[in-house]
Amino acid sequence: YVTEINLKEKSYDDYLLLLWIPLNRERKRFRAIDRIIISKGNYSQTLNSKIQTRQFNWTDYTGTLILDNDTLDLFTHVDKKKLLHALREFSDFLKVDVEDRTTGSPYWIDMSRY
């Protein structure tokens with residue numbers, strides 16, 4: 001899956017790349033980029049068998065780019081520090097700040113630490 005962001009044309013393309021052939025290409029335009037937010041997802045799945053029942057719980061973190069009236073998920077990872085390292089490049093390229101919304105009170109992250 002590929003996302004190309006063009007700051008000069010103020011547009012981005014989303015598409016699936018299969019054997020170097022872009023499929024389902026979608027281009028969207030934007031006027032301004034606001035920020036990147038980090039959100040947390042909590043998940044649970046129960047597996048039943050004749051012998052036993054097991055429940056799996058996990059958490060992941062997603063960095064989402066906030067545009068005019070749209071959002072674009074940039075990266076998802078189960079390790080928040082690894083997510084922040086990946087978002088550093090996006091933050092520098094897009095010249096936007098990163099807001100952490102995974103706690104009770106949102107706060108801005110100093111991306112120079114990552």
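Reader: Where does Tyr-1 lie, and why is Tyr-1 called exposed?

Author: Tyr-1 lies in the segment before β1 (2-6), where strands (E, at least two residues) and helices (H or I, at least four) are DSSP runs numbered from the N terminus. A residue is buried under 20% relative accessible area, exposed over 50% and partly exposed in between (1.4 Å probe, protein chains only). Tyr-1 has 69%, so Tyr-1 counts as exposed.

Reader: What kind of model do these values come from?

Author: This is a predicted model, in which local features need pLDDT of at least 70 and side-chain atom pairs count only at pLDDT 80 or more, while totals for chains, interfaces and linings use all residues. Residues are numbered from 1 along each chain as its sequence is written, and side-chain values use heavy atoms, with hydrogens and water left out.

Reader: What makes up the nonpolar patch on the surface?

Author: A patch is made of residues with over 30% relative accessible area and no salt bridge, nonpolar side chains (Val, Leu, Ile, Met, Phe, Trp, Tyr) being joined within 5 Å and like charges within 9 Å. Here Tyr-1, Leu-16, Leu-17, Leu-18, Leu-19, Trp-20, Ile-21 and Leu-23 form such a patch, with about 950 Å² of accessible area together, computed by the Shrake-Rupley method with a 1.4 Å probe and only the protein chains shown as cover. The elements that give two or more residues to the patch are β2 (11-18) and β3 (21-29), and β2 provides the largest share, 3 residues.

Reader: Where do Leu-19 and Trp-20 lie, and why are they called exposed?

Author: Leu-19 is in the loop between β2 and β3, and Trp-20 has its place in the loop between β2 and β3 as well. Leu-19 has a relative accessible area of 65% and is therefore exposed, and Trp-20, at 77%, also counts as exposed. Although Leu-19 is not a glycine, it has a positive phi of about 55 degrees, and Trp-20, likewise not a glycine, has a positive phi of about 65 degrees.

Reader: Why is the pair of Tyr-43 and Trp-58 called stacked?

Author: Rings of Phe, Tyr and Trp (its six-membered ring) pair if their centres lie within 6.5 Å, and planes under 30 degrees apart count as stacked, over 60 as edge-to-face and the rest as tilted. By this rule there is 1 aromatic pair. The ring centres of Tyr-43 and Trp-58 are 5.7 Å apart and their planes stand at 25 degrees, so the pair is stacked. Tyr-43 lies in strand β4 (residues 33-48) and Trp-58 in strand β5 (residues 53-67), so the pair ties together parts that are 15 residues apart in sequence.

Reader: How do you know that Asp-70 and Lys-28 meet in a salt bridge?

Author: A salt bridge requires a side-chain nitrogen of Lys or Arg within 4 Å of a carboxyl oxygen of Asp or Glu, and the side chains of Asp-70 and Lys-28 meet at 3.5 Å, N to O. Asp-70 lies in the loop between β5 and β6 (71-77) and Lys-28 in strand β3, so the pair ties together parts that are 42 residues apart in sequence.

Reader: Is Glu-99 buried or exposed, and which residue does its side chain meet in a salt bridge?

Author: With a relative accessible area of 10%, Glu-99 is buried. Its side chain meets that of Arg-35 in a salt bridge (3.1 Å, N to O), and this pair links distant parts of the chain, Glu-99 in strand β7 (residues 98-100) and Arg-35 in strand β4, 64 residues apart.
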